[in-house]
Amino acid sequence: MFDAVMIEKTETGQSVSLRQVMKDELPDGDVLVKVEWSTLNYKDALAITGKGPIVKSWPMVPGIDFSGTVVESRTPDFRPGDKVLLNGWGVGEKHWGGLAGLARVSGEWLTPLPAAFSTRQAMILGTAGYTSMLCVMALEHAGVQPSGGPVLVTGASGGVGSIAVMLLSELGYETVAVTGRMAEKDYLESIGASRVIDREPFTHKGRPLEKAEWAGAVDVVGGQVLASVCAAIRPRGAVVACGLAGGMDLPLTVAPFILRGVSLLGIDSVLCPREERREAWNRLAALIDVTRLENVVSEYPLSKAIEAAHALMDGRTHGRILIRVS
Ligand code: NDP
């Protein structure tokens, strides 16, 4: 028996509780993992509070990422005792996830824990850190180099944004952080931003092409902010779109693409191929000093995960939320 956060369908919607589960109840999979750490992402909070259509199969253990130790394995890729991490692949949405003492999953979905990280440190980065690395890799593949000029990061004080700022500055880019919270200026500079600018001007509709200022950008906001960023990218630059914190719309013209050769690149961390995700985790291990994120981590035991999800939805949390499972 082990503890699990369980979301169940009811006649009026859903109920969520912490309950004892038997190992036999776990879904199919060739690797059994003793979960040590999980994180609470926006997606998990939507699932737990029922405020978004995240759960696709019932009942569901939420938790889109976790790290831990292999207990049983039917694949030659993993042996008992191996340290592993998992994020995406529909875990916590279609397949039972990380907010439980045990998880049984496909070995195809697991990433060996980079030697540089403890299981806790890997989850301090979590899906947000891994997604930031995918964004930076996409900019690199598009040919955006540190010598090309300054790069922007929007939603910079959030999970994905702040780690993107750290990565880009570590790689030598002049990194400009865009934020709606100018009170975070000192923090953003402390993690590597060369400059911090207010989000407000980006929220207004401008001209199809603005002054070409930025060599590239990582955008987690979407909506008008993403449109404004695209209009101000230098010729042959690139913008990575990975989030919708400010909205799903994209009120944009084609001008940046056909008159400046700007590329708009999408990031999907959930179904990212295995090799690319392993490369992302290994590069994170080489580039990030996780101890610099300790002051933005809040830690909760599994028994408080439901409470933490409500706090996140109500905007009462800040930074990275770690869940200590065992
Ligand atoms: P956070 O909530 O930690 O950060 C989002 C940031 O966006 C906030 O800190 C804030 O930054 C800014 N923001 C929030 N609301 C608004 C708004 N209404 N208008 C403009 N800016 C806003 O989230 P994450 O960093 O974890 O995730 C960011 C986005 O990326 C989310 O939409 C998430 O769903 C998406 N995501 C996508 C993935 C993928 O595979 N494509 C994977 C992981 C996340 P500030 O205060 O500095 O302006």
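I count two residues as in contact if their C-beta atoms, placed from the backbone, lie within 7 Å. The model I am reading is predicted, so I keep to local features with pLDDT of at least 70 and to side-chain atom pairs at pLDDT 80 or more, while totals for chains, interfaces and linings use all residues. Residues are numbered from 1 along each chain as its sequence is written.

Entry on the helix pairs. I take helices as DSSP runs of H or I with at least four residues and strands as runs of E with at least two, numbered from the N terminus, and I find eight helices and 15 strands in the chain. I looked up where H2 (residues 119-141) meets H7 (residues 274-287): Leu125, Gly129, Tyr130, Met133, Leu134 and Met137 lie on the H2 side, and Arg277, Ala280, Trp281, Arg283 and Leu284 on the H7 side. I then looked up H1 and H8, where Asp44, Ala45, Ile48 and Thr49 of H1 contact Ile306, Ala309, His310, Leu312 and Met313 of H8.

Entry on the whole chain. I note that residues 24 or more positions apart account for 68% of the contacts with a separation of 6 or more. I looked up burial (buried means 20 or more other C-beta atoms within 10 Å of a residue's own, exposed 12 or fewer, partly exposed in between, with C-beta atoms placed from the backbone), and buried residues make up 47% of the 326 residues. The C-alpha atoms fill a box of roughly 60 × 45 × 35 Å along the principal axes.
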